[in-house]
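User: Please take me through the fold of this protein chain, one question at a time.

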Amino acid sequence: AVWAAGLIGPQQAVRRSSARPDNLRAVSAVVAANERRGDAVFFIPSETRVVSLGYPAPFRELRDLALGESPVASGTLTGIPVPAQELATRFAAWQRGAGHDGRVWVVRWRNPPPGVSVTGLDREELALTGGMRLISRWSVQSVVLSLYQPDRAGRPRLGA
């Protein structure tokens with residue numbers, strides 16, 4: 001009993017939000033409070049998609065244009081991304097679609113974990129947001145959320 005009582009303090013400390021490198025609840029709360037119908041999302045790099053797994057409800061409303069095969073269908077934690085070439089086609093088709101403002105969320109780690117590198121798909125996602133205007137950015141511990149919208153001239157420029 002004495003041994004168990006001695007572990008209560010350290011266990012409570014480890015469970016605090018401030019003890020973790022991320023706060024997925026707060027990340028999801030930012031998305032939930034600011035998303036709009038039809039918004040798209042890019043997870044850069046694609047492994048960052050794990051951010052959406054802790055509290056997935058707000059992320060379900062976002063269109064993940066780079067996801068080729070869902071985690072369930074692929075039997076993986078984060079799913080299978082589309083090839084970089086296919087992303088530009090998907091993005092253009094999404095832009096032409098109705099019922100949305102053309103806004104794109106970018107979810108990134110402040111400092112990517114060791115072994116995670118930028119891929120061709122990640123570079124393509126960044127290029128697609130290059131023709132857009134940053135309207136808001138939130139830093140929630142290890143996660144950075146950026147929200148882009150088309151520039152004043154209209155729809156975003158592909159590959160800009």
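What follows is a short exchange on the sheet, the helices and the cores.

Analyst: This is a predicted model, in which local features need pLDDT of at least 70 and side-chain atom pairs count only at pLDDT 80 or more, while totals for chains, interfaces and linings use all residues. Residues are numbered from 1 along each chain as its sequence is written, and side-chain values use heavy atoms, leaving out hydrogens and water.

User: In what order do the five strands of the open sheet lie?

Analyst: Strands here are DSSP runs of E with at least two residues, numbered from the N terminus, and two of them pair if DSSP finds at least two bridges between them. Strand 5 and strand 7 run antiparallel and are joined by six bridges, whereas strand 2 (63–64) and strand 6 are the edge strands, each pairing on one side only. The pairing is mixed, and the order is 2-1-5-7-6.

User: Which strands does helix 2 touch as it packs on the sheet?

Analyst: Helices are DSSP runs of H or I with at least four residues, and contact means heavy atoms within 4.5 Å. The direction of helix 2 makes about 145° with that of strand 6 (angles run from 0 to 180 degrees between N-to-C directions, along lines fitted to C-alpha atoms, for helices over the stretch in contact). The strands touched by helix 2 are strand 5, strand 6 and strand 7.

User: Leaving aside neighbours within four places in sequence, which residues are in contact with Val27?

Analyst: Val27 is one of the residues that touch the most other members of the largest nonpolar core, which has 16 residues. Such a core is a set of buried Ala, Val, Leu, Ile, Met, Phe, Trp, Tyr and Cys residues joined through side-chain atoms within 4.5 Å, buried meaning under 20% relative accessible area with a 1.4 Å probe, protein chains only. Beyond those neighbours, the contacts of Val27 are Val51, Phe59, Val140, Val143 and Leu145.

Definitions and conventions:
Buried < 20%, exposed > 50% of the residue type's maximum accessible area, 1.4 Å probe, protein only.
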